[in-house]
Amino acid sequence: MAIARLLACFVLYISLGHIPSAVGVTLRTTDKIVWANEFEPIELTCLIESISTNNPRIEWKKIKNGVPSYVYFQNKISGDLEHRAQLREPANILIFNTSRSDTAEYRCEVAAIDDQRDFDEILISLAVRVKPVVPRCSVPETVTVGTSTELRCLENEGFPAPLYRWFHNNEELPQDPKNSPKFANSSYSINPDTGGLKFRRVRKEDAGEYYCQAKNDAGHAQCPPQMMEVCDVDILGIFLKCFCAVVVFLCLAASICHSLRRGCFHKKGHNENNYNWPAQSDGVDYGDADEGHFRHKSSFII
C-alpha cells in the first residue's frame, strides 16, 4: 500500500508539471589560492557541480582590506576589472592582464531559486607577483687591506620580497664562503633577505667588480657593476703624518717657551704705581701741608 501511494503521488506531481529539484546548487574551484605574474592573464574558476535552475544569478565580488566591491554584477564586468576581464562558462572570471592592484580575495556567488539549496559561494585568494626593478647598489670605491666594509643592495618594488645575490667579477659569490675552495679564506657574509655583503677583513683578492641581483618568482633585475679597489696599508704615509705632527708640536712648544722668556706673558700687579710724578720747580718750595706756610729757596730774590 505504501509503495502504491508513493507512485500515485509521483504521477500526480508529473501530471501537474512539478519535477523534483536537486539537493541544491553546489560550487567548487580548482584552486583556492592563485598566484599570477603581473601583466599576464589568469582565470579564477567557479565551477557549478549541481544545479536545477536554468538561469541562476551569478555575481563576483572583490574583497580588499575587508571592503567588498562588485566585479561581475547584472551580467557585466564592473569595477576596476572593467575592460580587463570577462565571464567564461559556467561562471569563471578571466583577467586579461593582471595588475598588482588585483591582489585580493574574490568571492563567486550563485543564487538558484528553483533549487532546494538556492545559494552557494566560494572564496578564492589571488596574489599577483611583481618583478623586481633595478636595485640600488652601494659599493665603496677604495678600502684598505685588513679593514671591514659593507656593500649594500636594496629593491622595494618586487612582490613577494626578492632574495639577493652578489657577483664578483661576473661569478656568483656562494652564501657560505667555506663551502667553496676558491673563497674559503674570505671573511665575507651575505644576508639574502636584506642584500648586505659584509667583509670582516678585506683581502687584496677581494678587489674587482661587484653587482647585486634581486630575484623572486616573477623575475629578476640587477644593478650595473661597480669597481672596488683594495689598497695596502700606507706605512710611509702614516709615519710622515706622525712626524709632521711631532714637528708642529715641538715648534709650538719652542715658541711658547721663547715668549715666556721675553716676558710677553708677564702681568704687572694691580698695586704697582706706574704714575711718574712731575719734577718740582726750583723757584718755589712748597712746605708740608700741615705747616700752613711756604719757604723761599735761596734762589728767590726780592
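**Disulfides and ring pairs in a predicted model**

The protein has two helices and 23 strands. Please keep in mind that this is a predicted model. Residues carry numbers that start from 1 along the chain.

A few overall values, then the details. Of the 302 residues in the protein, 31% are buried. The accessible surface is about 20900 Å², and carbon and sulfur atoms account for 56% of that. If we take contacts between residues at least 6 apart in sequence, 59% of them join residues at least 24 apart.

Now the cysteines. How many disulfides does the structure hold? There are three. In general terms, a disulfide is a covalent bond between the sulfur atoms of two cysteines. Counting bonded cysteines along the chain, the pattern is 1-2, 3-6, 4-5.

I start with Cys46 and Cys108, whose sulfur atoms are 2.0 Å apart. The torsion about this S-S bond is about -75 degrees, so the disulfide is left-handed. Cys46 sits in the loop between strand E3 (42-44) and strand E4 (47-50), while Cys108 belongs to strand E10 (residues 104-111), so the bond ties together parts 62 residues apart in sequence. Are these cysteines buried or exposed? Cys46 is buried, because its relative accessibility is 0% and the cut-off for buried is under 20%. Cys108 is likewise buried, with a relative accessible area of 0%.

Next is the link from Cys137 to Cys223, with an S to S distance of 2.0 Å. This one is left-handed, with -95 degrees about the S-S bond. It connects distant parts of the chain: Cys137 is in strand E12 (residues 136-138), and Cys223 is in the loop between strand E20 (219-222) and strand E21 (226-231), 86 residues apart. Cys137 has 17% relative accessibility and counts as buried. Cys223, at 3%, counts as buried too.

The remaining disulfide joins Cys153 to Cys212, S to S 2.1 Å. With -85 degrees about the S-S bond, this link is left-handed. Cys153 lies in strand E14 (residues 149-154) and Cys212 in strand E19, so the pair ties together parts that are 59 residues apart in sequence. Cys153 and Cys212 are both buried.

One further cysteine to mention is Cys231. Its relative accessible area is 31%, so Cys231 is classed as partly exposed.

On to the aromatic rings. The count of aromatic pairs is six. One of them is Tyr70 with Phe73, a tilted pair, 4.1 Å centre to centre and with 35 degrees between the planes. Tyr70 is partly exposed at 35% relative accessibility, and Phe73 is partly exposed at 26%.

Where in the chain do Phe167 and Tyr211 lie? Phe167 is in strand E15 (residues 163-168) and Tyr211 in strand E19 (residues 208-216), 44 residues apart, so this pair also links distant parts of the chain. Phe167 counts as buried at 9% relative accessibility, and Tyr211 counts as buried at 10%.

Which residues do ring pairs link into it? They are Phe183, Tyr188, Phe199 and Tyr210.

Key:
This is a predicted model: local features need pLDDT of at least 70, side-chain atom pairs count only at pLDDT 80 or more; totals for chains, interfaces and linings use all residues. Side-chain values use heavy atoms; hydrogens and water are left out. Helices (H or I, at least four residues) and strands (E, at least two) are DSSP runs, numbered from the N terminus. Buried means under 20% relative accessible area, exposed over 50%, partly exposed in between (1.4 Å probe, protein chains only). Contact means heavy atoms within 4.5 Å. Accessible areas come from the Shrake-Rupley method with a 1.4 Å probe; for residues, only the protein chains shown count as cover. Rings of Phe, Tyr and Trp (its six-membered ring) pair if their centres lie within 6.5 Å; planes under 30 degrees apart count as stacked, over 60 as edge-to-face and the rest as tilted. A disulfide is a pair of cysteine sulfur atoms within 2.5 Å.
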